[in-house]
Structure formats: C-alpha cells, structure tokens
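Hello,

Here is the structure I promised to pass on to you.

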Amino acid sequence: MDSTQLLIILATAIATATPLIFACLGETLTERAGVINLSAEGTVMLGAMVGFVVAKTTENVWLGFAGAAIVGVLVALVVAFGAITLRQSQIAIGFVLALLCSDLSSYLGNPYVRIPGPTVPPAFPIPILEAIPVLGPLFFRQGDVLVYASYALIAGMWFYFYRTRAGLTLRAIGEQPAAAFVRGHNVIGLRYAYTLIGGALMGIAGAAFSLDFKAGWSHRHTAGYGWIALAIVIFGGWNPLRVAFGAYLFGVLQSLASVAQSSIQDVPTQVFTVAPFILMILVLVLTSAGWLDRLLSYLPVNARRTLARTLRTSPPAALGRPFEQD
Amino acid sequence: MNSTVPSQTVPPALERLPPLAYRGGALIIALLLIGLIVVISGASPFEVIGRMFSGAVSTPDQIGRVVATLSPLLLCAAGLVYTFNAGLYNLGVEGQVTFGAIATTFALRLLYPEEATASILPPPLTIALGILVGALGGMLWGLLAGVLHVYGRISEIFAGLGLNFAATGMAIYLIFGPWKRPGVASLSGTQPFDESLWLGTFGQTEATPVGLGLALLALAVTIVVMRNTHFGLRLRAVGKNPYAAHVLGVPARRQLLSAFLVCGVFAGLAGAIQVVGVFHRLIPSISSNLGFLGLLVVMLVNFDPLWVLPVAIFFSALNVGGLQLPLSLGLESSLSGVIQGLLVLFALIGRGLAQRYAG
C-alpha cells in the first residue's frame, strides 16, 4: 500500500465518519449535562427518514435537515420529560424510543423506499488550507459542506466546554448539579435545553446519512449507527476531541473493511460490515476502567500516572441520575 | 420554568387526581397517537385494527403462528424478569438468543453430518441434545456479559450490545462461510435440516408443543422463584440497593452473575426453539428481534412475572396480525412495533406521572 492509497483510505474514512460525528457530539452534549439519551439508534433513523421525505417533497435539502433536527428535538423532549421531570429510568425511556422510532421510520417511510431524492450539492476545497501537505488533501479537499461543518462543530464544542463560562456551567450540572443549583443555575432548564440541542444534532446526523453520505432511504437505513455512537461517546471519554477521534477511528475501520473485502476472498463480505462494530465495542471493553487499572498496575509509577491521565476517563458524576431540587 | 417555586408547576386541581387517572390518561393518549399515525399513513384506524385482529386469529395457521412467536418471547421475558429484578438492563438478550441458535445448529450438524442420510442418534434424542446445547450456548453468552459487567465494571448495556453484534457477526460468518449451502451461500440461511430433526407441531401449524411447554414451564418456575424463594428475594434486594444487600450479607456479585446465567439459559432455549421448531436452519436474523420485544414486555408489566403471559400473548398477536398489513392494505408490518412501543412508552410515562403528581 503506497502513501497515496493510504491518504485516499483516510480521506474516505473522514467522510464516512461525518454523520457519526454529529450523532456522537449530540450525545456528548446531552450526557455532559447529566442525561443519557439512549434513543440514538431510533432518533438517527427517524431523522434520516424525515429528512429524506421533507427534502424530497420540498425539493430543498436544507429543509430536510431542518425537519430532521425538529424530529430529533421532539424525541429528545420525550426523553427529557420522562427523565428530568418524571424522574423515570432514562435507560428504559430511551430504549423504548430507540425501538419505537426505528419501527416508526419503517412504517411511515415505506412509500419512499428506494426512490431517487435530492442530495447535498458538492462543495469546494477550502482555499489556502488545502495547500498544506498531507493535511490539506486529507481534511480540506473533501468537497462536502457537511464535512467542513463537522470540523467547526468539533472545535466549537471543545471551545464551549473548556473555554467558556457557559461550558463550565454545563459540566457542573453533569458533575455536581446540587452545587450548580446552589450557585443559582437553573439545573432543570439547562438539562432540558442541552438534551434538546443534542437531540437536534442526532436528527441532523440521520439526514446527513439519507441526504449525503448514504443517500436515499430504505428500511433500517442507518441500522447500528445509533448504538455505535453511544459506544463512541464512552470511548471518547465525553471529550469532543477524543469522541471525534473515536468516530474517525470507526471510519478507518469501515474503510479498511471495504478494502479488505476485495482482497480477502475466504471471508464472506457481509462479515466486514459487522466487524467495525465488534472491534469498536472490544476497544471500549478493553479501555474501560476495570481492565485498565489492572494493566496499569504492572507499569512503573511514573509511566502509570501519565498513561492513566491520557487513557482513563470517567463519566459525568451525575450521569443518568435525576436531580431533585426540592 | 421557574426553578425556585417548584411546587407551583402543577395546578392544584391536578394534584388530587387518583393514580389510575394518570395511567388511564396516558393509555388514551397512546391510543390516540397510534390512530393518528395510521391516519397519516393514509389508512383507517378501525380497518387496520380489524385486519390485524382477523390476521392473528382467523385460521388455525395464524393462531399457530401466534403460539410459535409466543414461545420464544415468553422464554426471553421470563429470563429478563431475573435480570430486571437484579437491576440490570440486559440488552444482550438478543445475542444470547442468537448464540443459543448457533450452538443448537452446531450440535445438530455434528450429530447429523451433511453427507449422512440419518442422524447418529435417534432423532428425538438428537433434538433434545440440540436444545440442551442451545441452552448452554445462551448461558455462555449471558455469563460473558455478566463477567464483563461484574468483574470488568463495564455497563451491562454496552457489554450486551457488543455481544449482540458479535453473535450476529458470527452467525453471518458461519452462514456465508463454513456452513454455507452446497452451491450458493445466501441470506436465506444454512441448508435446512432433515425433516426427522424438526420438532413436532400442533397439526399443520408452526406451533410446537415442546416449545410452548418449555416456555410455560420457564414462566411458571420464574413466578414461583420470584414470589416464594429466598433466591428471588435476594435478587430483588441486590436490584434495589446492591450496597445495602452486600452489607446485609447478600453476595451481590453471585446474585448478578446468576441473573445473567438464568436469563442466558432461557434466551438460549428460545434460540434453540427458533432453530428446531420454526426455521429448521440457521438464518442471520434468527432471533426475530424477540429478545428486544421481551424487554418491552417485562418493562410494561413493571418486572412482575404474573402479568407476563397476557402481555406476551397480546404482543405476539400484534406481530402476527401486522404481517397481514402489507398483503391486505399495502402498509408496512412494522406498525405492530409502533403500537407496542407507544403502549410501553406511555405506560412508563403514566407510571411516572402517577408517582410524581397523584394525590
């Protein structure tokens, strides 16, 4: 494999991972505020269906994205109401919604299966930046506006989390909601807001599939991607940069799988579509706290500390727990 | 939203409603939403209900199909009663069904090789061994999720989802690779087993007495265990508060692992029944999503095994009735999933409203 081939594989991986970036960052934002939106699988799929149908009927892809975002907000509203206001199990509500929305997308999207529809128009390489060796062709000659938007989202979310006062509050309501409340922050209102914005991003992720990266609509069009997004958020330790890295890693696995498909004849091709999902979960399993601590204990103390800091992550302390302010 | 005066978010009149009003109200909203969705798809709700009902109970064949769906669903739901009561969301149940089916297929292929003309042992014994190996396979997959959760401190949700993908991947690999049909491999599955290895059915239907018997037995055992035994009590104690249970001398780890184990055995049995009773071969979607449907059933009955049977019958009938929709009305059969999902969602919301606001 020469370097141009490698570059092509990596550039493809970045494009493949773009819808996942939106879904993963939506979930990251939600979970940072202390709420788990387990409905991702269904939200992405329903977003893909509604996005396609709206774009098809209005002949405007951007209205499709708006429709998908609204669907994401509505599903997230149910999660927020059940989890925040009613204090029910976020897992139960999210899981039911994941199944419900998947089935709903199949039922209502039935007349639109396998028909041609509008797609996002190609964009130009970003001037100046595209001239950078290696990075230019890799990141800035993608020719897709959503890919560029995803870069902005990653950087913007990182900046928001770690460099703004509002971001500090966001992290506080996920870690120490009681303390944030005492300091005068409206924990309930903010959790609602971030859950809804996160839901909008997941809906947009769906439309990014059906209107761009996997254009069209078919039954279970985005099957598996919502679950993998949830796994990537944990893998990325709720940090936008690391989450994005996780999504790109998944993209690389997928492109490698499609390359391997043509070169390894003995293994049936269908296995390669499942392989990235399995590998990703395995990585998650191996890097999660329990095994990692045991592995690290064999290392010398100095190396242990640096490695632990880079590898270990812990979820927002109040993740999944309802906040009772009265 | 005014965070400083939380008690005023509810109008006083609403506060005096009995809990049943919230649950009933939620159910009515769910039914209205189902009707609305049917209308959006351009059909009449009453016609759809009629077709689904007649599509589930008109002919012996259809009733047989309901029973054939019910058996694995009951097995999964019975198993999930243990994990839910232990406070676990065992989303890995799908993979446990699939791996059970793989194990059963493996055993049957071993006892009745492709080139042979008869099975090595008498057919009934072969089938029994196949079912037993299926249960062991499900148990193994369940324990794997349990070990990852208990010793690896990994959320059982993601351990389970990962093992689901792994089991499906393995099934696809086997179907397209080592176990492919002579000639061309396809998504339709492995070569069907010889008819001597098919489970006997009620008349000409798809329903098998053995499958139904196993399912009802599993449910009966579960009801007794959860209501009348020390094991069930300890399981609930761990589910309610693992730390308190530990302090009072209940070994939480062993309880959690046994919940995974029992659920795996039951799910594996469901997979075995799917192979020897329904499909007579291994297919990629061998679980037919019945594991996930089992999760919905147990959530709807709030983890109480007494109510599992009626809900499971209703959900099975919906699944089978839904199959009529594409033929008679040109609608997609996934409407049954939409109905099930909305009923469970609004049951959860109704329960939450009642807990929060009822007087």
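This is a predicted model: local features need pLDDT of at least 70, side-chain atom pairs count only at pLDDT 80 or more; totals for chains, interfaces and linings use all residues.

Let's begin with helix α10 of chain A, which covers residues 225-235. Of its 11 residues, 11 are buried, so the helix is largely enclosed by the rest of the structure. Among these buried residues are Tyr225(A), Trp227(A), Ile228(A), Ile234(A) and Phe235(A). Just after α10(A) comes Gly237(A), with a positive phi of about 60 degrees.

Which residues of α1(A) meet α10(A)? They are Leu20(A), Ala23(A), Cys24(A), Glu27(A), Thr28(A) and Glu31(A), and their partners in α10(A) are Tyr225(A), Gly226(A), Ala229(A), Leu230(A), Ile232(A) and Val233(A).

As for the geometry, α1(A) spans residues 3-32, and the axes of the two helices are 9 Å apart at an angle of about 55 degrees. That angle makes α1(A) oblique to α10(A). Their crossing is right-handed.

Finally, the two chains. The contact between them takes 41 residues from chain A and 43 residues from chain B. On the side of chain B that touches chain A, the elements giving two or more residues are α7 (156-176), α12 (290-300) and α15 (335-357). That side of chain B has 29 nonpolar, 11 polar and three charged residues.

I hope this helps you find your way around. Enjoy exploring!

Best wishes

Note on methods. Residues are numbered from 1 along each chain as its sequence is written. Chains are lettered from A and ligands numbered from 1 in the order in which they are written. A residue is buried if 20 or more other C-beta atoms lie within 10 Å of its own, exposed if 12 or fewer, and partly exposed in between; C-beta atoms are placed from the backbone. Helices (H or I, at least four residues) and strands (E, at least two) are DSSP runs, numbered from the N terminus. Two residues are in contact if their C-beta atoms, placed from the backbone, lie within 7 Å. Ala, Val, Leu, Ile, Met, Phe, Trp, Tyr, Cys and Pro count as nonpolar, Asp, Glu, Lys and Arg as charged, and the others, Gly among them, as polar. Axes are lines fitted to C-alpha atoms, for helices over the stretch in contact, and angles run from 0 to 180 degrees between N-to-C directions. Angles under 35 degrees count as roughly parallel, over 145 as roughly antiparallel, 65 to 115 as roughly perpendicular and the rest as oblique. A crossing is left-handed if the near helix is turned anticlockwise from the far one by less than a right angle, and right-handed if clockwise.
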